[in-house]
Amino acid sequence: MRTHPSAPIPDVKVDHARECIEKFYKPALPRKHPLTGQLTNEFQSLLSQAHADLTPGECYFYHTMEFSAGEVSQGGWDFRGGEDKYLGFVDFQGQKVLEFGPASGFFSFYLESKGAEIVCFDIAVGAPPEQLSLPEVDLAAYLESGAKIAKDTRNSWWYAHAKYNSKAKAVYGNIYDLPPDLGRYDVSTFGCILLHLSNPFAVLSQAAAVTDKAIVVTELVKAPLDLESSYIEFHPGDRPRSPGNWWGLSPGSVAKMLTILGFPEISLNYHAQKHRIDHDQANPLIDVPLFTVVGEKSKYLLKRLNARTSNLEIQKSPDEQSLIDAAIRNEILQHEIEALRSSTSWRLTQPIRTVADALKRWFG
Amino acid sequence: MHEIDGYITDFYREGKSHRYTGQLSDDFQRALAKFYVDPPKDQCTFYHTMEFPCGEVVPGAWDLRRREQVYLGYVDFSGQRVLELGSATGYLGFYMEAQGAGVVCFDLPIRTPPDIIPLPTTLRSKRLYEHASLTEKLHKSWWYGHAKLNSKNKAVYGDIYNLPDDLGDFDIATLGCILLHLRDPFAALQQAACRTEKAIIVTDVVWTPLEMKRALMEFNPGNPPEYPTNWWGISPGAVSRMLNILGFSSIDIYYHTQKHRPVHNIGGSSFTDKCLFTIVGQRHPHYVDRHPMPESEVAIQAELARQWLADPDIEALNARISQLNAQISQFNAEISHLNLQISHFQEQVDALKSSTSWRLTAPIRLVGRILKGR
């Protein structure tokens, strides 16, 4: 069968065979990338129009989102109040950020509100997320529902985009083959998406190629917790029916990948965030341990929001971190109570309370 | 709206085309043989030590002679169609042919480097050039052996993550010490699984800690700058889990040592024993025949498994894990206690703030703030 146009003809001479073989294996000419041109105002406007007038019923909220007028859409993750920990305490003011896997966009719009310029990259329109072909699951059904969830999640991003009157831009495509006109960014962020991708290193390589200062990676705590070993666990066994959970990554593996990709200044913090199991609204919010690794280029260290990323604190394990958080909160409340009790207002009204207590006792 | 939807959907639709088809035809195989005709020995790199019928022995980085059966999991190859992925000099492919298999050997396209880790200290272009040259020298060594052994094995070159559409189906696929060198081992296994009806045989290097229960892989283990092609230290547990997922539910594992020259320095280093594991994953109910394991080997297997699985490091790590788990329980208890205290304190604060006393004195605080100019 000679399906290839340059397949050789039979019984050729050695020289001719060499020529044919060279031609056959010659690298293919790069063709025009099919997904360029998305960052133009015209295309963004088209995307916006294609997602105009959505109702909450057409959206899948991955994050709990809070809009003006008290409207709150409940999602599988509620990161309200935990944003800075999740993002490694990086100060995003004035930074150009490429956010991979924005889902409903809680962090897109948070970062924008903190003064960052945002471009979000998400899965190609019409495509499902990568799924492991587990023997016990109906892969076709997962792919179909995955594509539907991806569409509804994209809807939720545009719903919020309109609500916030956001200037954030969206680009869709293949995360392993970013469009060449995506531009350059100060910071790239990956919020709990590496575990869902078949080849995390390839994806980080793509990001590294367009990022000048730092890459922020947040992941679930699954594999060994230290920075010294670089283990990742294939399809971690606690959720055998989750074909979207490809990997459990250790902080050490993320740190090593970022170091190799030219982001050797590593900082790490652990935190707990509120999550509903299976992203099911019927399930209660529980604390889930996560870690965030920030890899920076040595010559472009970013500003941090406060002193919580001191070396002392970043080395704590999630349990130690939760303990510290609880202890700090306890201390703050005790101080608050002391301050309230010693305030002039409280002291001034002491006679009233004394009288009230006496009356209560009097009337039983 | 429909037009826009159509435009957006079309925009993101990807085209698909395939290269490297047509290589298995006799014409093409003849052309390849002519391309690599009579390669001078000094232009070849012998990855395996090769022994030819004329008595010639060419030294290589790995000497697998007389240890082939355990390397290949005691599978009987007689009458089997075999796809050998990453054949290098081809010692095992020619061995399987001698055992009665029809073998297609798949390797990198000509003058193409393998996956290289973009290490910061690596002079990338230099490394790429070196490895592209190495691919060529390995191909030449394969064709050198092919001619000497008058082999009927066929060679196909291409992208292991996207095997040519017309490669055909096989009974068995083998991957001998190549997963550690691939950036995406699961994708390669998935490609092999799509073409394999009975069994996949994976042999890889043992990294400590040797782990069967968890599917751990260590990214770029060891000392990176010297080994830009060592992507993974893969545990047998990871290979087993991947094969299970790909439909090969019956798993057998063998441990063995093979003779290997460190850093493949054929001229400059002597052989050391390298620790390897071999996993045979089989699709139920399409099992392959197996050779019985020699009595002597049974004892060796047991001893190697005992030595490697009972690695003192593992024991130390397990002890550390137990210790950490105890610490976690203690932390959790303390956290629960502190959380109770927090609720209690929060209630106190709320009660204080909503008390009549506090509300009554609100005007005083307001005046106070005005006086303080806040």
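This is a short tour of a predicted model, one selection at a time. Residues count from 1 along each chain as its sequence is written, chains are lettered from A in the order in which they are written. Local features need pLDDT of at least 70 and side-chain atom pairs count only at pLDDT 80 or more, while totals for chains, interfaces and linings use all residues.

**Stop 1: the sheet in chain A.** Strands are DSSP runs of E, at least two residues, and helices are runs of H or I, at least four, numbered from the N terminus. Two strands pair if DSSP finds at least two bridges between them.

Stop 2: Select 211–220 and 285–296 of chain A. These are β8 and β12, antiparallel over 7 bridges. Pick A:Leu220; its bridge partner in β12(A) is A:Leu290.

**Stop 3: chain B.** Colour by secondary structure: chain B has 11 helices and 12 strands. Of its 374 residues, 37% are buried (20 or more other C-beta atoms within 10 Å of the residue's own, C-beta atoms being placed from the backbone).

**Stop 4: the core.** Show the largest nonpolar core, with 159 residues (buried Ala, Val, Leu, Ile, Met, Phe, Trp, Tyr and Cys joined through C-beta atoms within 7 Å). Among those touching the most other members are A:Leu194, A:Leu258 and B:Met242. Which residues does B:Met242 contact, leaving aside its neighbours within four places in sequence? They are A:Phe234, B:Phe186 and B:Leu189 (contact: C-beta atoms, placed from the backbone, within 7 Å).

Terms used:
A residue is buried if 20 or more other C-beta atoms lie within 10 Å of its own, exposed if 12 or fewer, and partly exposed in between; C-beta atoms are placed from the backbone. Two residues are in contact if their C-beta atoms, placed from the backbone, lie within 7 Å.
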